[in-house]
Amino acid sequence: MEIWEVDKLILFLVFFVPGFVSLKVYDLLIPGEQRDFSKSLFEVIAYSALNYAVLSWLIVWIYSENFYQTHRVWFFVFVVLIMFAFPTAWPVFYTQLWKWKSISKFIIHPFKKPWDYVFSKGEPYWVIIHLKNGRKIGGKFDSKSFASSFPAEEQIYLEEVWELDEKEKFRKPILRSAGMIVFSNEILAIELFR
């Protein structure tokens, strides 16, 4: 029994590729620790099987009668959809599900930390960062700003730093500032404003 026989290799790829694609896309969408696929083999196969179960109607249809002989191009299009497009779409669909209030109470939220949840939205904010030493930093978090994501240590880059008055109102941007990076070990809290 040779492991490198073509039929065994094809069988492995058929049950590996869709699950692998789904998990890679999910890992790109949701911050998390680096996945070790050598330990996730059963998970990969399970997601492939789930993909095939949901798409069984399509698989049965393209393998029925003489579909391959009469519609070769469409057969390959559907195979690509089944092996790559749908496995790419499932994690995107799942990450959108938790945004629906009626469904979100029944599923586990994919983000592990509020930091990732807030900053992954890509929304602009005015921020006041309260430092442990009592200092307050005002700034603008917008399209050129950046916040790290799990599992990296939380850091935030503000593209604009603003002077705050004694009532914590934003007065004016600090001239010639190219922004500021603040490390999590210095942060006590962050206030967000729209």
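Which residue of β7 does L158 stand opposite? Select L158 and follow the pairing across to β7, where M180 is the residue that stands opposite.

Before going further, note that this is a predicted model, in which local features need pLDDT of at least 70 and side-chain atom pairs count only at pLDDT 80 or more, while totals for chains, interfaces and linings use all residues. Residues are numbered from 1 along each chain as its sequence is written, and side-chain values use heavy atoms, with hydrogens and water left out.

**The three-stranded sheet**

Now select β3, β4 and β7, which form an open sheet in the order β3-β4-β7 with antiparallel pairing. Here strands are DSSP runs of E with at least two residues, helices are runs of H or I with at least four residues, and both are numbered from the N terminus; two strands pair if DSSP finds at least two bridges between them. The edge strands are β3 and β7 (180–183), each of which pairs on one side only. Between β4 and β7, the antiparallel pairing runs over four bridges.

**The loop at S148**

Next select S148, which lies in the loop between β3 (146–147) and β4 (155–158). Its relative accessibility is 11%, so S148 counts as buried, a term that means under 20% relative accessible area, with exposed meaning over 50% and partly exposed in between (1.4 Å probe, protein chains only). Show the side chain of S148 and you will find that it reaches the backbone oxygen of E153 at 2.7 Å, and that a polar atom of this side chain lies 2.7 Å from the backbone nitrogen of Q155. If residues up to four places away in sequence are not counted, S148 touches W115, D116, E153, E154 and Q155, where contact means heavy atoms within 4.5 Å.

**The five-stranded sheet**

Move on to the open sheet of five strands, whose order is β6-β5-β2-β1-β8 and whose pairing is antiparallel. At its edges stand β6 (170–173) and β8 (187–193), each with a single partner strand, so one side of each is left without a neighbour in the sheet. Within this sheet, select strand β2 (residues 136–141) and strand β5 (residues 160–164), which pair in the antiparallel sense over three bridges; G139 has V161 in β5 as its bridge partner.

From β5, step across to β6, with which β5 pairs in the antiparallel sense over two bridges, and find L164 opposite F170 in β6. The hairpin of β5 and β6 has five residues between the strands, and in this hairpin E168 takes a positive phi near 60°.

Stay with β5 and select E163, which lies in this strand and is partly exposed, with a relative accessible area of 29%. Leaving aside neighbours within four places in sequence, E163 is in contact with K169, F170, R171, K172 and I174.

**The crossing of two helices**

Finally, select helix α2 (residues 41–54) and helix α5 (residues 72–97), which pack at an angle of about 100° with their axes 11 Å apart. The two helices, α2 and α5, are therefore roughly perpendicular to each other, a description used for angles of 65 to 115 degrees.

Notes. Polar contact = N/O pair within 3.5 Å; in protein donor to acceptor, adjacent residues only side chain to side chain. Axes fitted to C-alpha atoms, helices over the stretch in contact; angles between N-to-C directions. Parallel < 35°, antiparallel > 145°, perpendicular 65-115°, else oblique.
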